[in-house]
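Biologist: I have a model open and want to learn how to read it. Can we go feature by feature?

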Amino acid sequence: MKCLVTGGAGFIGSHIVRHLLDRGFEVLCLDNFDPDLEIKKANVDHFLENEDFELVRGDIRDAELLKRLVMDIDYIFHEAALVSVVESMKDPVKTIEVNTIGTLNVLGAGMKGDVKKVIIASSAAVYGDLPALPKIEDMIPAPRSPYAISKLDCEYAARIFYEEYGLKTTSLRYFNVYGPGQDPASPYAAAIPIFIRKALRNEAIPIYGDGSQTRDFIFVRDVVLANELAMSKGEGGIFNVANGSAVSINELAKLIIELTGSKSEIIYKEPRTGDIKHSVADIGEIKKIGFSPEFSLEKGLEETIEWFRQQ
Ligand SMILES: NC(=O)c1ccc[n+]([C@@H]2O[C@H](COP(=O)([O-])OP(=O)(O)OC[C@H]3O[C@@H](n4cnc5c(N)ncnc54)[C@H](O)[C@@H]3O)[C@@H](O)[C@H]2O)c1
């Protein structure tokens with residue numbers, strides 16, 4: 001069995017690559033290393049000695065390249081994307097070109113080869129600032145950025161390719177993913193990598209607003225397990241991938257201080273415009289197909305902190 005992981009040099013993609021290699025699959029990683037070439041190279045360089053691993057530096061906007069690459073591929077895990085909401089507001093066209101057109105290229109290539117399934121990384125961003133909680137998959141989406149629109153495009157496209165052309169697809173709406181390998185400078189890094197780095201240096205931990213805002217954090221290895229599950233389940237479906245529990249930013253900061261034994265203080269800053277107040281997922285749908293998160297926040301943070309200590 002051979003898998004293509006687009007964006008396989010990124011944070012989540014490289015965890016998927018490792019898991020697939022551990023499971024005995026051959027893995028082809030397609031990534032353009034854009035931006036942050038060095039960080040992304042470090043994510044995949046250690047796989048290069050594995051004879052089941054192949055790296056192609058290329059772009060998902062290149063439809064012909066994708067068609068060539070999928071010829072002997074069984075499963076596609078599509079993680080490649082421009083992930084910055086802020087950048088998507090500055091250059092919406094580029095975000096749509098990479099995320100929407102790139103996904104159409106991946107799906108189109110899936111039709112040309114003998115691909116058994118395409119698993120698409122979507123995002124909780126599609127819910128926007130809808131006030132209703134918890135977020136359920138059949139809520140009417142309310143995307144608030146070109147990034148969120150592009151992720152919704154991916155879901156709709158995946159569903160159409162399944163319903164109209166019979167290509168098996170599943171879209172996974174990731175909530176706040178964290179874990180080893182996440183770059184504190186990444187636009188998605190949000191609280192956890194920043195807090196851990198500050199805590200390990202005994203520096204003040206900044207919280208925007210009063211810290212009562214909540215998020216649904218999911219450890220990256222649980223996200224990998226959701227992807228593995230989607231190889232055989234959930235055809236044509238869209239599923240939240242989260243822990244299903246709300247954690248306040250105050251609770252998070254205190255837990256990180258406790259787990260690192262840090263002397264850091266928490267400092268409160270003006271709330272950031274555009275930040276949503278609460279986010280928590282209903283994970284009933286993905287549970288029905290067999291998903292159950294294995295990592296508590298504490299366990300996931302311990303592994304993440306250990307990784308940061310070794311850097
Ligand atoms: N990290 C999160 O909390 C989170 C939450 C929701 C959704 N997601 C989604 O999960 C996926 C992976 O996110 P991540 O956090 O690992 O981000 P990441 O930036 O670490 O990984 C994305 C990878 O895609 C590659 N890439 C970008 N443009 C490309 C192109 N045109 N051609 C080929 N490769 C390209 C990048 O080089 C990078 O390695 C993305 O689709 C993202 O939208 C992530």
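This is a predicted model: local features need pLDDT of at least 70, side-chain atom pairs count only at pLDDT 80 or more; totals for chains, interfaces and linings use all residues.

Biologist: How do I describe the way H9 and H11 cross?

Modeller: Two packed helices are described by the angle between their axes and by the distance between those axes. Here H9 covers residues 249-260 and H11 covers residues 297-310. Their axes come within 11 Å and cross at roughly 55 degrees. That angle makes H9 oblique to H11.

Biologist: Is the crossing of H9 and H11 left-handed or right-handed?

Modeller: The crossing of H9 and H11 is right-handed.

Biologist: Now the strands. Which strands are joined to E2 by bridges?

Modeller: In general, side chains in a regular strand alternate between the two faces of the sheet. Strand E1, residues 2-6, is joined to E2 by 5 bridges, and the two run parallel. Look for Val 5, which stands opposite Cys 29 in E2. From E1 the chain passes through helix H1, residues 11-22, to reach E2, and this β-α-β crossover is right-handed. E2 is also joined to strand E3, residues 53-57, by 5 bridges, again in parallel. There, Leu 30 stands opposite Val 56 in E3.

Biologist: Which helix makes a β-α-β unit with E2 and E3?

Modeller: Helix H2, residues 37-45, does, and that unit is right-handed.

Biologist: What should I look for in the backbone angles?

Modeller: Look for exceptions. Most residues other than glycine have a negative phi, and most peptide bonds are trans. Phe 33 has a phi near 55 degrees, a positive value in a residue that is not glycine. Phe 33 sits in the loop between E2 and H2. It has 17 C-beta neighbours inside 10 Å, so Phe 33 counts as partly exposed.

Biologist: Where does Asn 202 lie, and what is its phi?

Modeller: Asn 202 lies in the loop between helix H7 (191-200) and strand E8 (205-208). Its phi is positive, about 55 degrees, although Asn 202 is not a glycine. Asn 202 has 13 C-beta neighbours inside 10 Å, so it counts as partly exposed.

Biologist: Which residues are joined by a cis peptide bond?

Modeller: Leu 133 and Pro 134 are, with omega about -10 degrees. Find Pro 134 in the loop between strand E5 (117-123) and helix H6 (146-165).

Definitions and conventions. Residues are numbered from 1 along each chain as its sequence is written. Two strands pair if DSSP finds at least two bridges between them. Helices (H or I, at least four residues) and strands (E, at least two) are DSSP runs, numbered from the N terminus. A crossover is right-handed if, with the strands pointing away from the viewer, the path from the first strand over the helix to the second runs clockwise. Axes are lines fitted to C-alpha atoms, for helices over the stretch in contact, and angles run from 0 to 180 degrees between N-to-C directions. Angles under 35 degrees count as roughly parallel, over 145 as roughly antiparallel, 65 to 115 as roughly perpendicular and the rest as oblique. A crossing is left-handed if the near helix is turned anticlockwise from the far one by less than a right angle, and right-handed if clockwise. A residue is buried if 20 or more other C-beta atoms lie within 10 Å of its own, exposed if 12 or fewer, and partly exposed in between; C-beta atoms are placed from the backbone.
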